[in-house]
Amino acid sequence: MTKVALVGGSGGIGAALLSLLSDRSDIESIHSTYFRSPAAGSLGSIGRFGSDTEVVWSQVDVTDETNVERWLEKAGSIDWLINCAGYLHDLDAAPEKAIAQFEPDYFEKNMRVNCLPNLLLAKHAGKALKSSERGIFASITAKVGSIEDNRLGGWYSYRASKAAANMVLKNLSIEWQRTAPNLRVVALHPGTTDTKLSAPFQSRVSPDKLFSTDKTASYLLAQLDKLHEYPSGRFVAFDGEELPW
Ligand SMILES: NC(=O)c1ccc[n+]([C@@H]2O[C@H](COP(=O)([O-])OP(=O)(O)OC[C@H]3O[C@@H](n4cnc5c(N)ncnc54)[C@H](OP(=O)(O)O)[C@@H]3O)[C@@H](O)[C@H]2O)c1
């Protein structure tokens with residue numbers, strides 16, 4: 001039985017993953033975080049979906065080390081940690097089309113939400129994950145964080161924060177390979193998914209390339225399920241394609 005710690009179970013992709021995971025008989029419990037409000041339809045701080053899977057909600061600012069440490073202490077032993085938190089735009093800021101639009105505050109927020117949590121989560125979940133026979137540390141980054149794949153430019157802050165997150169994950173895989181050969185670290189690209197994060201940028205995406213959150217979640221879960229067939233430290237797309245860093 002697998003115990004999951006899910007960061008951002010209140011977001012578009014995170015909530016769909018939570019729903020799929022909580023319906024599986026091999027998932028014992030899910031400790032899920034929300035930042036502003038829990039996923040729609042979930043009740044109270046401890047909820048049960050269709051199966052016997054226990055879902056425990058905690059309000060966590062995943063950029064705050066004390067919050068992260070307390071939450072992971074409360075979660076106790078875990079097998080999988082999946083980080084679905086992320087930031088791209090808000091009422092005040094949007095991705096840059098050109099360097100002239102660069103704003104330090106927006107850059108720092110991207111780094112703080114998209115990169116920093118991976119370090120905090122790894123620091124405080126490492127011990128528990130290493131004790132699992134089939135541990136997973138997975139974080140949703142993005143294909144636009146690939147340096148080699150960058151052909152369009154733009155989106156300086158978001159791209160940089162996702163590239164930095166990818167470096168953190170690669171680094172972790174190298175460190176943990178020595179001390180925890182059963183643990184797999186993965187950076188996941190979900191594909192363009194219909195969530196509030198991508199909403200302002202969907203007009204140029206063809207309908208067959210814009211996934212529902214349910215479709216993305218089932219693709220990502222399929223990748224997680226076969227992760228132990230591969231070495232640790234990969235950057236993998238929803239369809240299993242191995243992406244260049
Ligand atoms: N959607 C896409 O097309 C797409 C494509 C490539 C990569 N991604 C990546 O996929 C991941 C999930 O994105 P999504 O589309 O599901 O976005 P979303 O619906 O906007 O969800 C973002 C999640 O991040 C949480 N969050 C933000 N700041 C936080 C903080 N300081 N502490 C804790 N949680 C925080 C939000 O919590 P609250 O809702 O409670 O505020 C929410 O659960 C992100 O990393 C994103 O960059 C998405």
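The largest nonpolar core here has 58 residues, and those with the most contacts inside it are Leu-72, Leu-81, Ile-82, Leu-121, Phe-137 and Leu-224. A nonpolar core is a set of buried Ala, Val, Leu, Ile, Met, Phe, Trp, Tyr and Cys residues joined through side-chain atoms within 4.5 Å, and buried means under 20% relative accessible area with a 1.4 Å probe, protein chains only. This is a predicted model, where local features need pLDDT of at least 70 and side-chain atom pairs count only at pLDDT 80 or more, while totals for chains, interfaces and linings use all residues. Residues are numbered from 1 along each chain, and side-chain values use heavy atoms, without hydrogens and water.

Let's look at Ile-82. Setting aside neighbours within four places in sequence, Ile-82 is in contact (heavy atoms within 4.5 Å) with Val-4, Ala-5, Leu-6, Val-7, Leu-17, Leu-21, Ala-138 and Leu-224. There's also a second, separate core of 6 residues, including Tyr-87 and Tyr-158.

Now for the helices, which are DSSP runs (H or I) of at least four residues, numbered from the N terminus. Helix H2 (residues 65-75) packs with helix H4 (residues 116-131), their axes (lines fitted to C-alpha atoms over the stretch in contact) 9 Å apart. Leu-72 of H2 and Leu-121 of H4 are among the residues making that contact.

Among the buried residues of H5 are Tyr-158, Leu-169 and Trp-176.

Notes: Axes are lines fitted to C-alpha atoms, for helices over the stretch in contact, and angles run from 0 to 180 degrees between N-to-C directions. Helices (H or I, at least four residues) and strands (E, at least two) are DSSP runs, numbered from the N terminus. Buried means under 20% relative accessible area, exposed over 50%, partly exposed in between (1.4 Å probe, protein chains only).
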